[in-house]
Amino acid sequence: MKFNKTILIILLFVVAALALNFVMGGFAFDMSLLMYAKPTRWQGLISPYYYAVLVILGINIVLSVSLALLNGFTGLFTMGHAGFMAIGAYTSASIVTFMLPTAPFFVQMIVGSLCAGTIAALIGFLIGVSSLRLNGDYLGMVTLGFSEIIRIMLLNIDAVGGARGMTDIPQYTNLGSVLLLAVIVILFIKRIRDGRLGRAMLAIKENEMAANMMGINPLAIKVKAFVISSFIAGVAGSFFAHSEGYLSTQTFTFVKSFEVIAMNVIGGLGSLSGAILGAGILTVLPEALRKVQDITGIDLRMIIYALTMILIMILRPQGLMGNREWKWLSSK
Amino acid sequence: MAFLEIDNMSLEFGGVKACQNVSMKLEPGILYGLIGPNGAGKSTIFNVLTGIYPPTRGDVRLSDESLVGKKPFEIAQKGIGRTFQNIRLFKELTVLENVMSAFYSSSNSSITDMVFETGKFHAEEEEVKIKSLELLKVMGIDDLAAVPAGGLPYGKQRKLEIARALGLSPKLLLLDEPAAGLNPTETRELTDLIRKIQKDRNITVLLIEHDMGLVMKICEKIYVLVQGQLVCEGPADVVQNDKRVIEAYLGVDE
Amino acid sequence: MKWMLNLSLVLSVLIAASCNKGGADKIVIGNFGSLTGTEATFGVSTRDGIILAMEELNKNGGVLGKQVELKAYDNQGKPEEARLSVEKLINVDNVVAVLGEVASTRSLAGAPVAQQNKVPMISPSSTNPMVTQKGDYIFRVCFIDPFQGEVIAKFAYNTLGLRKAAIFRDSKSDYSMGLSKFFENKFVSLGGTIVGDEKYAAGDSDFKAQLTNLKSKQPEFMYVPGYYTEVGLIARQARELGVKIPLMGGDGWDSTVLKEIGGEAVEGNYFSNHYTVEDPRPEVQNFIKNYKARFGTVPDSLAALSYDSAQVLFDSIKRAGSVEGPKLRDAIAATKNFPGVTGVITLNENRDAVKSAVVLQVVDGKFKFKETINP
Amino acid sequence: MNDFIQHTINGLALGSIYALVALGYTMVFGVLQLINFAHGEIFMIGAFSGLYFSRYALPAGTEPSIGVTLMVLLAAMIGSAVLGVIIEKFAYRPLRKAPRINILITAIGVSLLLQYGGQLIFGASPQFFPTILPRQNIDLGGDIFLDTNQITIFILSFVLMVILQYLVFKTQFGRSMRAISHSLETANVIGINVNKVIFITFIIGSALAGAAGVLYGIAYPKIDPLLGLLPGLKAFIAAVLGGIGNITGAVIGAVLLGLSETYVAGYISSTYRDALAFVILILVLLLRPGGLLGSKKIEKV
């Protein structure tokens, strides 16, 4: 019974995504176009600016939800999410640009994002195995360190543009595919959370010692969570790369990692709905605050942003959602 | 042949001797007590048994297999379940989920099963749920299954910890002061429960307890630990009349 | 399914908002730059240059009988924000043209959007050759890395007769990496040798390790094509280590901050620039005077370039008689001998400015004109 | 060989700057077990307090002298201490019992707020830090140069370390501090005024950061609102390297970090100089989480 319902929901989303795709991108629906056309994103109902914001929103949701698996469910405080996103973005961009420049875009998309995820997961595995014995702030600092090292290395690889950045990356990401990805990732994470793996993660977060005494291998579970999370971050990076069409290491700084953490925290650590809500707020808020800039003439966005963080931590440390979930994401 | 054997085990922390030459032999299906004044190293023995601290010297064997060097979760999987003196529940999980978490290592649905919610996944979840509810019923807290564990009253948290430990289907159950902080009625209730569980499941129980009455009443054999050393072992009447035990208690404890 | 309702509500609000068009009585131009973050000082100078140009224009009656309004958006130094701000400028604020960015990285991120929407974009100071290759709507009013890199190579080799160079470049900055590359090519092809090559990263404050290394290679001069934010300290530390050879750089040096921070250490050093404040042309003298009056500081080269980019844009609007993308584009592309602050600007077929460069020397805390080098 | 000596001098000088920042870092951590991310920004505010003090409070044309330097140092220490106390009272104190991740996030929030607030107030453009200490370049012969500033800073960080060491191990306040760092609850129980001790710790730690800010300004006379970012991170790494919470360790870690950065840039490659600090951080945390001088703590069960 439950099984049927979820299939129905997924189907509904696929249909909705395709419909959106049709309206906004106008390519995926037409099978003949599918083979050769590059997606033209500049048609349809809404302004390309809002379209671009929505695409970024989708990518941010994916990032935020994947981090929630670590931060919220397993209790691992990592500050290196931008690093995995960078690996995914650069991997996908390189593979598509150098090896599959003429392939139909859906081949590029599938191969690109899978490779991005796999490489990110592989590096995530190596980092995880070596550093997940650490806890708390120390883990945060080590992951931050790894992410910075990744960034500095990318900056010094000339093949991907070095300081100039990588240009002319095929832009095939469109709103439909991003939304579809977001939905798949949300459901994926939700189901992991609700299964025995998720219970083990939560147990480790709550009390690692007790989890140990329940026969749960904390390191193995943490590494699993880390690998899954970096895989998804890598895929998000791939979608990001092919949405921007341009990559520079300036994107993947510590600030980006912190933004994703902030999404989790504002929404409520430990809540999947919170991670989504947080991503929504932190994507839309900075854009909405541009209006403030029109009035004041100076950019207060980062200040408002920082203040929001501090105030939420002090006044509502459990975040906007607390531990609650929206109905469709609750475990029962 | 003993089922669990602690063989001349010593544990030192940077020169401080927490346990010295402790030897114990536990037979299957018997309820043991471990008593001693505060700071005698009772919980430390539990921590060595469960692999949290590796012993400095000596050996610990479960069914003739050495546990030294094994990771805590491996030891747990081999069938040693425990509770904690200062309760360590998964506070934000529900009561039911707390117990279900103990079935982690005995179930085997994969990530794919979870993500696609396959039949196997549902069957296994269902089975674990039923078993967990049974355990809760045994402890008399099945009506609270959906409540977050952190919200339970103290006494019920103690019971839940035992139910969770039972989820491992342990051969050996280590209970660390299960009656601490309970009122006399609750203590009596718990005493009966422990005995009942031990008998019904025919498991070995090692019980640390401050409440002498409780220990003397239900334990078939009692070990007395003073300053990291076993000073006496035997049935209640032997222990009660042992000079060193009386000295230790009169001299040190309240 | 309440959330679905919410989603559709949000969507419809977004759609409604996107239909909001700007007033027709004004011409809106856009600027994107890093107004906050590590490169904020460059973004702020650039924006101020545009503001000055716009205010002067509006005081004189605007263009095509309309007043000009500027929308300036911050991108915090992030390329993805740069792209988003260009999207917003073009699609929401309906700007007729976009001015920006300083850093080539962010110009490269924003340019494709302008190109796709057929809205002209003029970069005041992105020097990477690739920027204008993004399409026929992308222009710049500065010279490109190859030319500027060669300027110092020629000057050092021909004028000063130096043969051994060391390079000290900013690995984080595309500008610095680009200049270094073209300097190296030219200097070597002229017959000079590069004896040392070290890197630093913008934001560092200690350069002594690298400088000690470069010094031991005994070059006759050191090429440090970075921004004034670091060069002042580099010069200081070089002198503290007993490095007595001249340092040379590019237009990134042009700022009073360089003189303040570098103090005596920058004395006698050379850099290539677009113009010299000694130039008696009224464009130059008025610009410096007005900028000081308006913002209280001496303009750096970024401000001068952005001022010029705005001037070129206004001139092109006047010539085109229209603000429609294609017409405006053609007018900008036809810019010829425009008397800008940073020189006489002619755009070539690659939409790059062709103009001569000057070499300046720091003497008594002033940037003294040394030589003009033509393309 | 001469190069090596010069590199060593440079490395020691760089290390002593890191040490100054690391001392405050490690002190706050020692008491609160809190990575005070905003420490770098307190340091930045110290530098700006010094700048504005010497620009506006001192009569124009004041000649650089040791007296002037001490006055500026004092002003900066007061400025930073006030800021540190404000941060402690409004951002950290309400969170004393909250999970550590919340405190850490608040700390990062405060740090961002000060960075961007600083850009708003002080302007984004770098400013010249006035010469307040007479300096001389000493030619040691063989093309090796030593700066009097380098010596001053080196000595100062050593002196501060000794003073702190005395404070922590020889005074009543130090005993209370150590008690709190051992266990906040116990300290409460045995009648230590925890809030007061933490308050004073923040004053001292922040004042140290303020002093470091001025000395940094003297050594690298270019300051901007984002100046705390990199030294803050490096100082943290230095503190971890030496064993966080350990005062001597912070200084040793800082000097080692300064030396290794200089040697790597000098002999291996300057490309990965900034990555080096992170590599060190990772290696230390993975191989010896307690740092070089730290001890391994046993988790209480």
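## Helix H12 of chain C

In this predicted model, helix H12 of chain C spans residues 325–333, and its buried residues are C:Gly325, C:Leu328, C:Arg329, C:Ala331 and C:Ile332. Buried means under 20% relative accessible area (1.4 Å probe, protein chains only). Helices are DSSP runs of H or I with at least four residues; strands are E runs of at least two, and both are numbered from the N terminus.

## Where chains C and A meet

Chain C gives 43 residues to the contact, and chain A gives 41. Contact means heavy atoms within 4.5 Å. The area buried between the two chains is about 3,800 Å², with 58% from carbon and sulfur atoms. Buried area is the accessible area (1.4 Å probe) lost on putting two parts together, summed over both.

## Salt bridges

Chain C and chain A share 4 salt bridges. Each pairs a side-chain nitrogen of Lys or Arg with a carboxyl oxygen of Asp or Glu within 4 Å. A:Glu244 and C:Arg83 form a salt bridge at 2.5 Å, N to O.

## Basis

Residues are numbered from 1 along each chain as written, and chains are lettered from A in written order. Local features need pLDDT of at least 70, side-chain atom pairs 80 or more, while totals for chains, interfaces and linings use all residues; side-chain values use heavy atoms, without hydrogens or water.

Definitions and conventions
Buried < 20%, exposed > 50% of the residue type's maximum accessible area, 1.4 Å probe, protein only.
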